Amino acid sequence: MKATGIVRRIDDLGRIVIPKEIRRTMRIREGDPLEIYTESNGTVIFKKYSPIGELGEFASQYAESLSKVAGIPACITDKDNIIAVSGISKKELREKKVSGEMEKVMASKTVFLANPGDKTLRVLDENDRYGAGVVAPIVFEGDSIGSVVFLSEGSQSIGELESKLAQTAAGFLGKTME
């Protein structure tokens, strides 16, 4: 745990304001759910809640199935991080923050399909080695909570079939959250 040096008081309704700098760096937006943890020494920890993250092992197995069926690398993300990867080295992508471009696609709740010959959507901000050929947002109760992504590799063409597969997977994961 890292100290920030910021001190805030609790108001008469039990509320505390999380400073803007922390909300920005941790990508906490208005309406985002936070989990609260306590320790016996009096420590209180707030952690962004990820409904997709709760699927953990299931998401990993699902990404593996998608990758095998499509024959291309696949990953499943929550709103901020990649939570499951298959078809490529997991350590390069797993638990990394998704790019701002990916966040915009998820927020739009529309499927992204890269056109052949166009530059693909960057999956990570700090590494443009991986591009997304298809991004299908996972929608639960009207909110985008993550995405199913097929990664494009070099000259491999990603088309309508992969797009439909990603949309089906995203729809299934959204229904699973119910």
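Modeller: Terms first: buried means under 20% relative accessible area, exposed over 50%, and partly exposed in between (1.4 Å probe, protein chains only). On that scale, buried residues are 38% of the 178 in the protein chain. This is a predicted model, so local features need pLDDT of at least 70 and side-chain atom pairs only count at pLDDT 80 or more, while totals for chains, interfaces and linings use all residues. Numbering starts from 1 along each chain as its sequence is written, and side-chain values use heavy atoms, leaving out hydrogens and water.

Now your patch. Ile10, Ile16, Ile36, Val44 and Phe46 make up a nonpolar patch on the surface, and together they have about 500 Å² of accessible area (Shrake-Rupley, 1.4 Å probe; for residues, only the protein chains shown count as cover). Patch members have over 30% relative accessible area and no salt bridge, with nonpolar side chains (Val, Leu, Ile, Met, Phe, Trp, Tyr) joined within 5 Å and like charges within 9 Å; a salt bridge puts a Lys or Arg side-chain nitrogen within 4 Å of an Asp or Glu carboxyl oxygen. Take Ile10: it sits in the segment before helix H1 (20-25), and it counts as exposed because its relative accessible area is 60%.

Zooming out, the protein chain has 5 helices and 8 strands, in the order α-β-β-α-β-β-α-α-β-β-β-β-α from the N terminus (DSSP runs: H or I of at least four residues for helices, E of at least two for strands). The C-alpha trace spans about 55 × 35 × 30 Å along its principal axes. The chain exposes about 10900 Å², with carbon and sulfur atoms supplying 52% of that.
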